[in-house]
Amino acid sequence: MGGRAPQPLRLAAGFWERHDVRLALRDRDFGSLFRLVAKYGGASQTQIAIAVGMTQGQVSTIISGSRQVTAIDVAERVLDGLQTPDDARMAFGLAPRLAAARENLPTVVVDTTDVIDGRRQLVESAELQLRLRVDGRELVVPLNRRAFIHGGVAALAEAFALDGLADTLVDVATHPSLAGRVTFTSAAHLDEILIHLGRQWHELVKTHNLLGPRFALAGVRNQISVLQSLLPSVGESEEQRGRVIRLGAQYAESAAWLYEDSGDMKRARRWTLQALEWAYEADDHKMLAWTGYRRSQQSAAVGAANAAEVIGLARAARRGEDRLGAPMRAALRVQEACGRALQGDERGSQTLLDEAHEWAANDTVGDARGGHGSFCTASYIEVHRAGCWLTLGQPRTALEIFERAIPALPAVYQRDRAAALGRMAMAYVKDEQPEAAARTAHAAVPMARDAGSRRILDEIQQVGAELVPHRELASVGALLADLEGEAA
């Protein structure tokens with residue numbers, strides 16, 4: 001008598017938000033992922049195999065650790081078979097799968113043609129129309145054609161895609177010859193363009209500090225497109241090319257940080273490398289140091305296993321630090337202190353934080369006018385001192401510092417406030433105060449959500465996972481219910 005066919009694999013909505021699942025994705029550990037699918041999805045190896053297009057034997061060898069998944073096409077097939085949501089795909093390092101949802105997304109149409117003699121022809125008019133079709137309604141937005149083309153079609157598309165709103169861009173996207181290059185008529189004209197873009201960078205930094213990455217990222221990508229379009233016009237002029245790519249490195253590093261804050265580490269690493277390449281060509285010592293700082297931060301996200309690399313990158317960035325601005329010198333010490341804490345070096349960590357205060361910024365504007373690291377104020381340093389104590393296993397000491405430092409954060413740094421509250425909530429967890437942990441984490445949720453910071457939301461999800469055993473407490477139950485909505 002034949003056996004029953006295996007039932008389709010079904011995973012609960014909250015599965016992909018589990019901390020252990022996220023770790024498996026970030027480590028690209030399919031053996032752990034399959035074990036978690038079996039444990040929390042009640043799936044057999046045969047069910048997993050059917051879902052991901054493998055044999056049961058192949059799944060078994062992956063779970064046992066004797067086989068690894070390294071080919072990106074196989075990894076994509078596995079995640080597609082498990083119906084992995086976009087935020088979990090990005091945690092792994094893959095792009096969101098927007099194509100699968102195109103039928104439900106609005107259409108973006110850019111009209112760059114006119115009817116001439118009964119035929120539609122491309123025109124070089126000063127204005128074009130952006131038509132958004134959403135739920136059967138059409139919105140028409142007039143745009144300056146030259147500004148739009150030079151700003152970059154891809155940047156506009158990405159601005160919509162960040163909120164899952166874009167489907168297609170037609171006409172301009174299918175006629176790349178329209179993009180051309182950004183030309184300038186004199187050295188003075190180039191000066192004005194670069195001065196303008198430099199001012200815009202400060203405004204975009206402030207936008208991120210106030211509102212989060214999704215509101216700043218499209219603007220950063222726009223300006224990178226303009227700078228890239230300038231490069232053909234500067235030709236072989238070393239001085240002019242150097243000025244363009246120096247500013248390009250500044251924008252590329254910002255793009256890296258914004259993608260990192262959005263939870264897209266693959267693009268974050270790519271833009272960090274682009275910033276490093278441009279900074280090296282421009283012989284920009286400050287930007288080389290700052291990209292080292294960012295790489296140290298990205299390495300720290302892995303945890304104690306990367307402590308030596310975190311410290312090494314931060315120390316390397318401090319070479320020749322007499323050429324660096326005071327805020328950057330402070331930020332580099334804070335970053336090395338975090339690495340020391342990961343290594344269990346209490347004294348080294350605290351000494352570096354004390355030194356950082358000598359270089360602390362005094363910024364309440366949040367637009368980095370004082371240079372990279374302007375966010376590294378005295379209160380920022382103390383928030384990270386608390387974080388170091390938490391890493392060192394002393395949550396009570398961390399809480400005492402959090403309580404003093406968080407209210408002192410400048411009002412413009414709302415994203416930093418949300419991140420600090422998330423870490424404070426974890427300190428309450430470690431100090432066995434679940435209700436205080438839930439209330440603190442819940443206060444951070446709307447700030448992180450409004451900012452679109454996937455990174456901070458992931459940290460809050462970790463707090464929620466730790467609090468599951470206390471779900472009967474009202475404050476904990478309310479937090480978990482809210483986070484379930486986030487997962488959905």
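## Overall architecture

The chain has 22 helices and five strands, taken as DSSP runs numbered from the N terminus (helices H or I, at least four residues; strands E, at least two). This is a predicted model, in which local features need pLDDT of at least 70 and side-chain atom pairs count only at pLDDT 80 or more, while totals for chains, interfaces and linings use all residues. Residues are numbered from 1 along each chain as its sequence is written, and side-chain values use heavy atoms, with hydrogens and water left out.

Of the 488 residues in the chain, 50% are buried (under 20% relative accessible area, 1.4 Å probe, protein chains only). Among contacts (heavy atoms within 4.5 Å) between residues at least 6 apart in sequence, 62% join residues at least 24 apart.

## Packing of α10 and α11

Two packed helices are described by the angle between their axes and the distance between the axes. For helix α10 (residues 213–234) and helix α11 (residues 238–262), the angle is about 155° and the axes are 9 Å apart; axes are lines fitted to C-alpha atoms over the stretch in contact, and angles run from 0 to 180 degrees between N-to-C directions. Helix α10 is therefore roughly antiparallel to α11 (over 145 degrees).

## Surroundings of A386

A386 lies in helix α17, which spans residues 378–391, and is buried, with a relative accessible area of 0%. Beyond its neighbours within four places in sequence, A386 is in contact with A398, I401 and F402.

Definitions and conventions. Angles under 35 degrees count as roughly parallel, over 145 as roughly antiparallel, 65 to 115 as roughly perpendicular and the rest as oblique.
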